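Trainee: Could we go through this one together? I'd like to learn what the terms mean as we go.

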Amino acid sequence: MSGHLREIAADLQTHSTCSDGTDTPAELVQKAAQQGLRAIALTDHDSILGVEEALAAGREHGVEVVPALEFSTQQEPERGLIDIDVLGYWINPSDPGLRDTLERVMAARREQKIAQIKRLQEHGIEISVEEVLALAGGVPGRPHIAEVVWRRNPGRFRSKQEIFDQLLSPRSPTYVPRSFSLTVKQAIEVILAAGGLPVLAHPGFYTHIQDIERVIRQLQEAGLRGIEVWYPYRQVHGEEISAAQAKAMVKQFQRLAAKLHLLATGGSDYHGQRTPHIRLGECGMTWEDYQALRETARQGI
């Protein structure tokens with residue numbers, strides 16, 4: 001994969017225990033330093049709870065930490081926008097609008113996950129609210145539910161991915177939607193208002209979108225500034241893909257970013273032990289590319 005052939009200095013998609021990762025923000029930064037990374041972005045889902053801890057650890061270990069997050073957006077099936085994620089880089093964690101929005105989003109996430117657990121119980125799945133919340137620590141997510149289902153229902157499912165597909169996918173009959181979440185365009189607006197740089201996460205995942213270029217153009221009109229070009233694709237919607245297919249996907253989005261004059265970013269999507277096949281820093285940006293991106297963010301171009 002192309003990410004293995006480049007000298008990666010910055011990993012701009014990582015997750016901590018403040019969403020669905022297994023490393024604390026400080027542990028994450030320490031690991032980055034040990035692996036020779038010079039910069040990382042903490043991109044927890046709908047959360048900036050770990051940013052201050054990560055920034056402090058960055059100062060201690062000599063790692064530049066980008067204050068960031070990853071918004072999981074509202075499902076818009078009529079427009080083909082399902083499971084779309086938007087990364088926000090260099091956001092101001094103190095921005096009142098951002099903080100108010102995140103409070104509403106996190107309250108809705110918790111409410112949704114509790115309702116989801118009760119729906120699963122009604123369908124004969126062994127799971128408890130208390131165990132999921134204890135595992136999550138911070139904001140509960142689908143990975144926490146899948147983990148508890150996996151533990152509590154041995155032999156019922158072949159993999160955690162099967163749990164996602166059968167029980168937790170927005171296309172599953174047992175899925176419970178959120179009472180409040182942002183549309184893709186709203187997420188972009190919130191990131192811009194907080195001084196951030198909005199970037200479309202892992203565009204190769206959205207295979208249900210027939211014309212990804214058309215959608216990206218629409219989001220660009222709404223203020224999207226970049227796409228996550230370098231990403232360690234191994235599965236797309238549960239289906240294994242080859243290294244050659246992954247490399248072709250990266251090349252496709254490199255060309256598309258250049259064509260549309262969008263910024264190109266990269267990250268591993270590291271979640272610690274929750275995704276043991278992904279190594280911190282295995283996919284990301286060279287120091288030169290990162291510096292150019294940072295300068296663009298500073299100039300607000």
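**Helices and cores**

Mentor: Helices here are DSSP runs of H or I with at least four residues, and strands are runs of E with at least two, numbered from the N terminus. Keep in mind that this is a predicted model, where local features need pLDDT of at least 70, side-chain atom pairs count only at pLDDT 80 or more, and totals for chains, interfaces and linings use all residues. Residues are numbered from 1 along each chain as its sequence is written, and side-chain values use heavy atoms, with hydrogens and water left out.

Trainee: Which residues of helix 5 are called buried?

Mentor: Val129, Glu131, Val132 and Ala136. Buried means under 20% relative accessible area (exposed is over 50%, partly exposed in between; 1.4 Å probe, protein chains only). Helix 4 (96-122) and helix 6 (142-152) are among what covers them.

Trainee: In helix 2, Pro25, Leu28, Val29 and Ala32 are buried. Why do they line one face of the helix?

Mentor: Seen down the axis of helix 2, they fall within an arc of 95°, so they line one face. That arc is taken from the directions from the helix axis to the C-beta atoms.

Trainee: What makes a nonpolar core?

Mentor: Buried Ala, Val, Leu, Ile, Met, Phe, Trp, Tyr and Cys residues joined through side-chain atoms within 4.5 Å. The largest one has 77 residues, and Leu12, Phe71 and Leu98 are among those touching the most other members. Helix 10 (residues 243-260) gives the largest share, seven residues. Another core, of 14 residues including Leu120 and Ala146, lies apart from it.

Terms used: Contact means heavy atoms within 4.5 Å.
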